[in-house]
Amino acid sequence: MTSQSLEHPLIHLTPPCGWLNDPNGLWYDAKDEIWHCYFQNNPNSTVWKQPICWGHSVSRDGTVWDYKGLALLPQHNEGSVFSGSVVVDSMNTSKLFDEAFDPRQRVVAIWTQDLDGIQRQMISYSVDGGYNFKECSQNPVLDVNQSNFRDPKVIWHKETERWIMVVALSQKFEISIYSSADLLHWKYESGFALRGLKGLQYECPGLVKIPILNTKGQEIKNSEENWLLYISINPGAPQGGSATEYFIGKFDGKVFQPTDNQVRFMDLGKDFYAFQTFFNSPDEKNVVGMAWASNWQYANQIPTTQYKSCLTMLRKLHLQKLQVTPEYSEISLFSTPLWNEGSLVNLVAPKTITPNLPLMSRHGLKIHLDRSEGLLEFTWEWSTEDMMVSKAEFCGITMLLKDEECSNNFLSLGFEANCNSFFLDRGNTGSHFAQTNPFFTRNLSVDLMPYKVSQGTSFYKVHGILDRNILELYFNEGALAATYAFFFKDNCPIRWAYVDSSVNGIFKIKELHFTELAT
Ligand code: FRU
């Protein structure tokens, strides 16, 4: 295997070469049973450079992706095709399709034309199931003569039988809501303005109805506050640069009314931006989406040579009651990776470590992960004896993930019991970029509450998916998620895991399970 091919993650979507940013036009083809993902792409440049087009990849299982080339390009080489969405116009409301054409593949893309300092909303449609598109003769379908008016996300609103578009007036900090009967004529309904953390720009909004589930996964149907509005802000995120915030609330087809004015983030890592949901999913109940796994603070400079950068895995989203503190609970967003349902990924060698092991300092566990190609999954569950935690000491349980046994190329992650925080240090990687770029924050953390407390013992768990240069962490069954890019010198895959504690007797491992994977 060449070192160049080693720089591509295996189950995270990357372009074979060139630039990638936001996911666009996500839709699931119910006829051919294929996930379609378009994305901001310039195959001829490894930095963001106009003309930006929509690259296109497809996948049967959401893990193994097949690049199909460019699907949407600017006409006459003028301007760029900025972010947007896809709908399946199965009822042919737009009249763009021949009645004989399969309703499950009547694909319409709604995107932003960025040309001569003005951003307009445009429509293209496909009569071959999403591979090639024609521009609609009525374009632009929405033009309000603004220079920052972009990223339309369109959904079908069953209750009012209308298409709903949310689109960002980025630098006026408004998410405008429009409705339409035919995708071609749009009526302004309301604006959701200056809410949450405004940052310095609103981008890539989305609005979606989302199931509220109980802890057994059953749907609770008695609340109308089952709409999710998400907005990407850049710059201005708390961790620096880019992040995706969300609001839960009601939507009546005209106005989105949030439940409260709190700011919440979809992912607490540093590399999660421009999240978007799929139009359709194989299981109607599920909301599925994905994000760009990078940050505008450094995306152009990450040290991959052939391509930049990748998207996250598909995530399933739902709302669920969360005990936020011992005295307060609320309905919160949960996300879990969608990947082991009919996945094409093979399990190479699962390794489970005996549960209930009390950890003694410097007598940790050592796991040899010798067969993976750089793709690992782990579940790690531990408990802390709260009465034994000493304030004066760093009480940490740590996992080191190394490329070789005695190497300075490693990730260090873990949990500290005094401050109840999970940490990641991605700076020990011998990579010049990681060590010198001041925005590629080396130490990051996520405040983590226990998922259970019983008789002075607190319980925590994390599910990790590590794929060459990207790490996705899902805490406490998806109550929190955090995504981080990292770069090892020479792109070496991880071969060793060490789990240790800085103190005696405080931490007990309830479960530690590694699976080495191959595609
Ligand atoms: C977000 C974004 C969008 C825009 C696109 C351009 O990352 O700035 O607002 O449509 O990228 O590539």
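1. Domain layout. In this predicted model, the domain assignment divides the protein into domain 1, covering residues 12-337, and domain 2, covering residues 346-518. The C-alpha centres of domain 1 and domain 2 are 31 Å apart.

2. Extent of the interface. Contact between the two parts involves 30 residues of domain 1 and 28 residues of domain 2. The area buried between domain 1 and domain 2 comes to about 2,200 Å². Carbon and sulfur atoms account for 60% of that area.

3. Polar and charged pairs across the interface. Between domain 1 and domain 2 the count of salt bridges is two. A salt bridge is formed by the side chains of Arg315 and Glu472, with an N to O distance of 2.9 Å. Residue pairs in polar contact across the interface of domain 1 and domain 2 number 18, with both residues at pLDDT 80 or more.

4. Composition of the domain 1 face. Strand E23 (315-325) and strand E24 (328-337) are the elements that supply two or more residues to the side of domain 1 touching domain 2. Of the elements, E24 gives the most to this side, with five residues. By class, the residues on the side of domain 1 that touches domain 2 comprise 16 nonpolar, 10 polar and four charged.

5. The residues around the ligand are Asn21, Asp22, Gln40, Trp48, Phe82, Ser83, Arg150, Asp151, Glu203, Cys204, Tyr273 and Trp296.

6. Asn148 and its link to Arg150. Asn148 sits in the loop between strand E9 (142-146) and strand E10 (150-157). The side chain of Asn148 makes a polar contact of 2.9 Å with the side chain of Arg150; Arg150 is also one of the residues around the ligand. Beyond its neighbours within four places in sequence, Asn148 is in contact with Gln119, Ala168, Leu169, Ser170, Gln171 and Gln201.

Terms used: Residues numbered from 1 in each chain as written. Predicted model: local features only at pLDDT ≥ 70, side-chain atom pairs only at ≥ 80, totals over all residues. Heavy atoms only, no water. Domains from an automatic or database assignment. Contact = heavy atoms within 4.5 Å. Buried area = accessible area lost by both parts, 1.4 Å probe. Salt bridge = Lys/Arg side-chain N within 4 Å of Asp/Glu carboxyl O. Polar contact = N/O pair within 3.5 Å; in protein donor to acceptor, adjacent residues only side chain to side chain. Helix = DSSP H or I, 4+ residues; strand = E, 2+ residues; numbered from the N terminus. Nonpolar A, V, L, I, M, F, W, Y, C, P; charged D, E, K, R; others polar. Near = heavy atom within 4 Å.
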